[in-house]
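Welcome! Have a look at the structure before reading on.

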Amino acid sequence: MVSQITRGIKISVTTSFEGTYFKNYKLHFAFSYHITIENHSKDSVQLMSRHWEIFDSLNHNEIVDGEGVIGKKPVLKPGESHTYSSGCLLSSPFGAMRGHFNMINFTSTRNFRVIVPTFKLGAPFALN
């Protein structure tokens with residue numbers, strides 16, 4: 001697990017290898033990731049959008065931007081948390097992801113960025 005706190009918002013990430021799949025006649029490696037967002041600040045916040053940088057060891061890198069996470073824009077009061085799971089396909093058994101969530105603080109009405117720390121994706125059979 002990797003974790004990081006930005007402006008009182010803690011992001012924790014765990015990953016799992018889900019298997020190999022053929023898509024468009026090409027072998028892909030499927031990974032899931034589970035993210036917990038904890039509000040340790042004194043203000044209510046809302047996650048508005050996400051930005052991901054997905055790195056593949058074969059240099060097939062991808063940028064993904066979108067609203068919310070898995071179709072939701074969770075509001076977190078102080079002390080609350082939100083957990084969700086998602087996934088990605090890589091062309092190789094190794095890779096990594098990093099990114100950030102764009103959030104709004106309801107007290108100050110200011111937007112701010114919460115860093116999602118770099119997390120590694122690796123198929124256990126390929127690890128040495």
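## Rings and a histidine

F101 has 0% relative accessibility, so this residue counts as buried (under 20% relative accessible area; over 50% is exposed and in between is partly exposed, with a 1.4 Å probe and protein chains only). This is a predicted model, in which local features need pLDDT of at least 70, side-chain atom pairs count only at pLDDT 80 or more, and totals for chains, interfaces and linings use all residues. Residues are numbered from 1 along each chain as its sequence is written, and side-chain values use heavy atoms, with hydrogens and water left out.

The structure holds seven aromatic pairs. Rings of Phe, Tyr and Trp (its six-membered ring) pair if their centres lie within 6.5 Å; planes under 30 degrees apart count as stacked, over 60 as edge-to-face and the rest as tilted. Two of the pairs are these:

| Pair | Centre distance | Plane angle | Class |
|---|---|---|---|
| F29 and F125 | 6.3 Å | 35° | tilted |
| W52 and F101 | 6.0 Å | 80° | edge-to-face |

W52 sits in strand β4 (residues 45-56) and F101 in strand β8 (residues 94-105), 49 residues apart; strands are DSSP runs (E, at least two residues), numbered from the N terminus. W52 is buried at 2% relative accessibility.

In the other pair, F29 is buried at 8% relative accessibility, while F125 is exposed at 56%. Ring pairs also link F17, F29, F31 and F125 into a cluster.

Finally, H82 belongs to strand β7 (residues 81-90) and is buried at 14% relative accessibility. Beyond its neighbours within four places in sequence, H82 has contacts (heavy atoms within 4.5 Å) with I35, T36, I37, V69, K72, P74 and L76.

Technical notes: Helices (H or I, at least four residues) and strands (E, at least two) are DSSP runs, numbered from the N terminus.
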